[in-house]
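Open your viewer and get ready to click along. We will go from a single residue out to the whole chain.

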Amino acid sequence: LGAWAILDVARDQIICLKESIGEAEQALELASQSFSAAETEAKALRKALSGCLVQQTLTESSAAEISDALAALARIADAAAASASSAASAPAPAEAAQDDKMGEDLASGPVVAEGRRVATAGAARA
């Protein structure tokens, strides 16, 4: 009688263990599916990140080009301002032409205060 009782208890334990194995296999299947879904999501996120990095690189390149263009524009504006400033401080074209004429007169011979040549032999030839 004792051996039959031991056999019944062992059979009950086997049934219980088989149920536990079934539950563990179901949990493993669920975990595998979750892992697979996570891998798929990670792959999609890596692809999206790659696209964002490409966009960031293009945006940084465009920003650098714009910065370079603004710097060039600033240099042009500074040069134009300097040119306008020097033009304002330079004599007017009519004055400059008169100054040039006086320089020619000086090279040709003696000049009086009003910028007219004194009649000389060299002036008669000119």
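Select Leu70 and you land in helix H1; helices here are DSSP runs of H or I with at least four residues, strands are runs of E with at least two, and both are numbered from the N terminus. This is a predicted model, in which local features need pLDDT of at least 70, side-chain atom pairs count only at pLDDT 80 or more, and totals for chains, interfaces and linings use all residues. Residues are numbered from 1 along each chain as its sequence is written, and side-chain values use heavy atoms, leaving out hydrogens and water.

Is Leu70 buried or exposed? Leu70 is exposed, because its relative accessible area is 53% (exposed means over 50%, buried under 20%, partly exposed in between, with a 1.4 Å probe and protein chains only).

Now show the whole protein chain. Of its 126 residues, 2% count as buried. The chain has three helices and zero strands, and from the N terminus its elements run α-α-α.

Next, colour by pLDDT, the predictor's confidence in each residue from 0 to 100. The protein chain averages 82, and 70% of the residues score at least 70. Where is confidence highest, and where lowest? Helix H1 (residues 2-89) has the highest mean, 95, while helix H3 (residues 121-125) has the lowest, 46.

Finally, select residues 110-126, where pLDDT stays under 50. For this stretch the model has 13 contacts beyond four places in sequence, a contact being heavy atoms within 4.5 Å. Where pLDDT is low, the predicted coordinates should not be read in detail.
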